[in-house]
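Hi,

Here is the structure I promised to pass on to you. Please open it alongside this note, and I will go through what turned up.

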Amino acid sequence: MSKKISLSQFTHTWRELRFKRLAEERFDVLVIGGGITGAAVALDASCAGLSCALIEQNDFASGTSSRSSRLIHGGLRYLKQGQVGLVYRSAREQQRLALLAPHLVRPLNLLFPLYQKSFTSRLAHRGGMIAYSALQPFDSKLRHQRSGAKDLLSLEPQLPANGLQDGFICREYLTHDARLVLETTLAACNAGACAVNYARVMDLLFLRGRVVGAVVNDEMTGRSFEVRARVVVNAAGPWADRLINRAAQAKRRLRLSKGVHIIIPREILPLSHAVIFFSRRDERALVAIPAENFVMVGPTETEYEGAPECAAPEREDVDYLLEALRDFFSQLKIENEDVIAARAGVRPLYDKGVRAAGEVSRAYHIEWQRDRLLSVLGGKLTLHRRAAAVTTRLLTRELKINPGVARLNATKNPLPGANWKNFSEEETKALLMRLSIEEESADHLIRAYGSRSLLFADMLTEERELARRITPSLPHIAAEVPFSIRYEMAVRPQDFFERRSDLALCLKAEGETWPHELMKFWHEPREKFFRAAQTEEVLA
Ligand SMILES: Cc1cc2nc3c(=O)[nH]c(=O)nc-3n(C[C@H](O)[C@H](O)[C@H](O)COP(=O)(O)OP(=O)(O)OC[C@H]3O[C@@H](n4cnc5c(N)ncnc54)[C@H](O)[C@@H]3O)c2cc1C
């Protein structure tokens with residue numbers, strides 16, 4: 001190849017080196033929690049010149065950040081609750097994220113059909129949409145749009161025609177939440193952060209009343225060690241109260257709310273567009289979002305009192321969503337067995353009051369708990385960059401560090417998979433196809449990994465055989481498994497099947513199980529897959 005490929009330093013072999021660095025270095029900031037909030041704080045703070053450690057107890061994004069509806073949206077629902085500022089800020093974040101990671105934050109036409117109900121209800125929805133549109137940035141290319149019944153039906157033939165009056169096409173964005181977390185973490189590492197998964201903070205360290213670090217357990221080996229830092233950031237999502245309680249006898253800061261999605265094969269629910277519809281039982285707005293060969297339907301919203309790690313979809317959650325789906329798409333026959341998966345996530349909401357969970361603000365709340373312990377509470381996926389910027393401002397002020405102009409440039413950098421400086425998308429696709437990858441698979445790699453799909457060329461030069469499809473009906477190729485281990489710190493098979501990709505769901509939708517022969521990648525001697533690791537360069 002004529003052009004030089006620069007590789008990410010984010011590999012599994014470096015795990016040992018990272019643990020060594022964690023134990024030896026004194027960091028400016030220790031971030032606890034590898035969800036979207038922690039990843040974004042690590043990135044922003046590293047860009048401001050702070051040395052950062054990021055510790056995640058399970059896999060990156062294994063908490064709420066892989067269980068969202070994946071919408072990067074203003075949130076029409078929040079407008080109804082009067083959260084105008086939140087919707088306004090979210091609309092600006094949509095554009096920013098789509099620029100920084102176009103392969104991960106893609107435009108989505110979300111259809112909002114209005115049916116012949118009471119005149120006042122239709123009027124209220126119309127009024128809401130007018131206000132929602134008014135909050136879009138002036139220079140937004142994708143504006144929400146009113147649409148007639150005929151146009152809506154031609155866009156989405158599965159919409160029930162009976163009683164359809166008109167509606168709207170909401171111009172939102174769809175992401176892959178877990179991959180967004182991963183690429184944000186990668187970017188943080190490229191900016192100098194030291195991130196590890198499967199490392200649990202067991203306790204905080206104190207010196208003269210000040211938080212000075214944490215005791216960390218390597219969950220893969222059982223070894224414990226201390227990580228020292230000048231400031232600790234609590235980005236533990238729904239687990240944040242546990243850390244706060246270790247530092248201070250504080251009252252509960254979070255309201256937890258459980259949200260469930262069900263997954264239906266696209267063959268059964270053949271949608272080509274995402275659709276908003278309402279549960280007849282309680283008028284709650286739900287979305288059905290097609291992705292690859294399945295459709296996500298949800299989310300529910302119920303108060304949750306238990307431990308976040310125990311949150312699971314209950315029979316009644318699934319029944320509620322199925323009932324709403326069958327009521328709306330009554331022409332389709334959707335059976336109980338068509339639900340191939342259900343997943344529950346816990347929203348970490350910050351609230352002092354007694355409102356119902358659905359009405360609690362989704363804004364971030366950032367507060368000092370104790371000397372040198374800063375908690376980032378609440379929030380939503382869409383606003384992670386903003387929360388991180390505010391957090392960094394508080395950190396640099398506390399540590400008396402001037403972030404200077406370096407920060408401004410660095411935070412405007414695209415995420416690692418949006419770096420098309422050396423190779424264009426067309427060049428990358430052509431190169432992948434020259435290495436025996438079928439066109440559909442090359443398109444899939446570029447869609448999922450963006451410019452980082454170029455790294456597959458390197459792997460396939462070593463082992464052509466990895467270009468084969470994992471299963472004939474899906475575009476995923478075998479090389480994605482060792483790729484996730486080598487470049488994306490997948491430690492366990494589910495890290496790849498459930499978070500680095502949607503393969504677990506895609507296979508289920510095809511009625512297939514995880515191919516046995518792929519498991520070998522987790523058992524073969526590590527050196528075989530990591531021989532490139534020693535010669536890698538940091539992604540520019
Ligand atoms: C059903 C549902 C749908 C949603 N849909 C959307 C949407 O469409 N758009 C949107 O913008 N937002 C959405 N949200 C909200 C969004 O998903 C969350 O606000 C966001 O993911 C929270 O991220 P977080 O990093 O704060 O928490 P998490 O992702 O939970 O991350 C916290 C991490 O901290 C780790 N941790 C905890 N304790 C420790 C410890 N002791 N040591 C080390 N690590 C620890 C956990 O393992 C976890 O990975 C949705 C939420 C839900 C539940």
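**What was found**

Of the protein's 540 residues, 60% count as buried. Please keep in mind that this is a predicted model. The protein has 19 helices and 18 strands. Its accessible surface comes to about 22300 Å², and carbon and sulfur atoms hold 52% of that. Among contacts with a separation of 6 or more, 73% are between residues 24 or more positions apart.

**The ligand**

In the side chain of Ser 65, an N or O atom is 2.5 Å from an oxygen atom of the ligand. For Glu 56, a side-chain N or O atom is 2.7 Å from a ligand oxygen. The backbone takes part too: a polar backbone atom of Val 201 is 3.0 Å from a nitrogen atom of the ligand. Taken alone, the ligand exposes 1000 Å², and the protein buries 96% of that area.

Ala 344 is buried, because its relative accessible area is 4%, under the 20% cut-off. Leaving aside neighbours within four places in sequence, Ala 344 is in contact with Arg 67, Lys 258, Gly 259, Val 260, Ala 311, Ala 312 and Pro 313.

Asp 166 is found in strand β6 (residues 164–175). Is this residue buried or exposed? At 10% relative accessibility, Asp 166 counts as buried. Its side chain joins that of Arg 146 in a polar contact of 3.0 Å. Not counting residues up to four places away in sequence, Asp 166 touches Pro 113, Leu 114, Arg 126, Arg 146, Ser 147, Gly 148, Ala 149 and Leu 152.

**Cysteines**

How many disulfides does the structure hold? The count is zero. Take Cys 194 as an example: the closest cysteine sulfur, in Cys 189, is 7.4 Å from its own sulfur, so the pair is too far apart for a bond, given that a disulfide needs the sulfur atoms within 2.5 Å. Cys 194 is buried, with a relative accessible area of 1%. Cys 170 also counts as buried, at 2% relative accessibility.

**Helix α15**

The buried residues include the charged pair Glu 480 and Arg 486, along with Val 481, Pro 482, Phe 483, Ser 484, Ile 485 and Tyr 487. After α15 comes Met 489, which has a positive phi, near 55 degrees.

Terms used:
Residues are numbered from 1 along each chain as its sequence is written. This is a predicted model: local features need pLDDT of at least 70, side-chain atom pairs count only at pLDDT 80 or more; totals for chains, interfaces and linings use all residues. Side-chain values use heavy atoms; hydrogens and water are left out. Buried means under 20% relative accessible area, exposed over 50%, partly exposed in between (1.4 Å probe, protein chains only). A polar contact is a pair of N or O atoms within 3.5 Å; within protein, one must be able to donate a hydrogen and the other to accept it, and residues adjacent in sequence count only if both atoms are side-chain atoms. Accessible areas come from the Shrake-Rupley method with a 1.4 Å probe; for residues, only the protein chains shown count as cover. Helices (H or I, at least four residues) and strands (E, at least two) are DSSP runs, numbered from the N terminus. Contact means heavy atoms within 4.5 Å.
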